[in-house]
Amino acid sequence: MSEKKKKKLALHWKILIGMALGVVFSLLLLSTSWGSSMTTYLVNGEETPINKAELFVRHWIKPFGNMFINALKLIAVPLILGSLIKGVSDLKDISKLSKMGLRTIMTYLATTIIAVSIGLIIVNIVQPGKTISSETRDVLLENYSGKAQEKIKSASEQKESGPLRALEDLIPDNIFAAATDNGNMLQVIVFAIFFGIGLILISDDKSAPVKAFFDGFNEVILKLIDLIMLVAPIGVFALMAGLVVESPSQDLFVGLFWYAISVVIGLLLMIIIYTLLVYVFTRKTPKFFLNGISPAQLLAFSTSSSAATLPVTMERVEEHLGVKEEVTSFVLPIGATINMDGTSLYQAVAAIFIAQVFGMDLDLYAQLGIIATATLASIGSAAVPGAGMVMLVIVLAQAGIPEAGLALIFAIDRPLDMLRTTVNVTGDAAVSMIIAKSVGKLGDPQVRDWDDHYGEKPLDHV
């Protein structure tokens, strides 16, 4: 073992440092006489007054943030195809869908819809984005007026379409064309589910090479996420620097605080709902449930990964909550792929918060669209840190909300990611207990200690 290996700084600390440096850099630049002095800048052929700090950041700093956002958008479609096709095809036997499989998926979808709805209710009540002043909001809208106009045009087109247009649009006539626009992500999700079901229904010898390809493809995409997240501190630095010089008002940070509070309240409500559902359907007390799953919750909090926590989750649910192995081996792996309640709730809150910041009043139809998109996108959300942000890009694109608003929330995404992963794992455990009870596979806990067979072999003592 090499003692020269230095302990690396955790990514979330790097991101927080990048955010802080971006804010400090821009504030210092604005405080200088050069940065605060005014110059002119051509906008649509007209000379517009602008301070030199903003012009410098816009030309030499912000492009790196835009590249980071583009990298996230770049892998959105491949991530959906890889993870969702893998998740659906992992069901293996279509007959399982008729009983346990169908119940599992429907229960997961139901809890996800509840989570997204709770997120929308809270963010509409708290309205964290409305803490942004009208002056700041006007500046932001001016900077992204093109996106706003696209939203207005899209809304008018929706009004002119028939009542079943949204359902009709779910089915693409060309998957390659659909995959070229993140705004058509629902079509890509439907195709991925359809494709995964097709893989289940054909013979193993025919499906094996295709499934092996998508398994490997999914691993490559997950690795690309890791690579992109390596430059996340630089991307956040550039994005935050751009936002501060373009809108240096402190109420941005007040709004960010209330946004975080909205997410945390929603996540706490979801854990309460899980314990209530477990009690109603299994008659197990909240104390029993939380004591049984708490180690997995803590691991989920520290790793921000449902996939990394899965072995511990399965052990706790099976041995400490009394769920039989037939259920845990089926329900929990599926849950790690398609059950992202915490992530979906956060996406709903984040989308509305960003829309509020940009002065966009989303109507009921648009918010129902967010429920549908966040629910379906969560199915393909990889169980790794950072994937939720990629899925948020999909939700924003579908709702016509400027993706640049990601910079507002990225700084505190890591701690919120830790919390929402804890909720994801808690939801997996709750659903597994409910499904086990419904199929008669919920019994008494049978804890196996690590040294159960330790005394079977003599051990020499010094």
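Author: A residue is termed buried under 20% relative accessible area, exposed over 50% and partly exposed in between, with a 1.4 Å probe and protein chains only. The model is predicted, so local features need pLDDT of at least 70 and side-chain atom pairs count only at pLDDT 80 or more, while totals for chains, interfaces and linings use all residues. Residues are numbered from 1 along each chain as its sequence is written, and side-chain values use heavy atoms, with hydrogens and water left out.

Rings of Phe, Tyr and Trp (its six-membered ring) pair if their centres lie within 6.5 Å; planes under 30 degrees apart count as stacked, over 60 as edge-to-face and the rest as tilted. The whole structure contains nine aromatic pairs. In one of them, the ring centres of tryptophan 34 and phenylalanine 56 are 6.3 Å apart and the planes meet at 75°, so the pair is edge-to-face. This pair links distant parts of the chain, 22 residues apart: tryptophan 34 belongs to helix α2 (residues 33-36) and phenylalanine 56 to helix α3 (residues 52-60); helices are DSSP runs of H or I with at least four residues, numbered from the N terminus. Tryptophan 34 is partly exposed at 43%, and phenylalanine 56 is likewise partly exposed, at 31%.

Phenylalanine 213 and phenylalanine 217 form a stacked pair, 5.8 Å centre to centre with 20° between the planes. Both lie in helix α12 (residues 204-230), four residues or about one turn of the helix apart. Ring pairs join Phe213 and Phe217 with Phe191, Phe195 and Phe214 in a cluster.

Definitions and conventions: Helix = DSSP H or I, 4+ residues; strand = E, 2+ residues; numbered from the N terminus.
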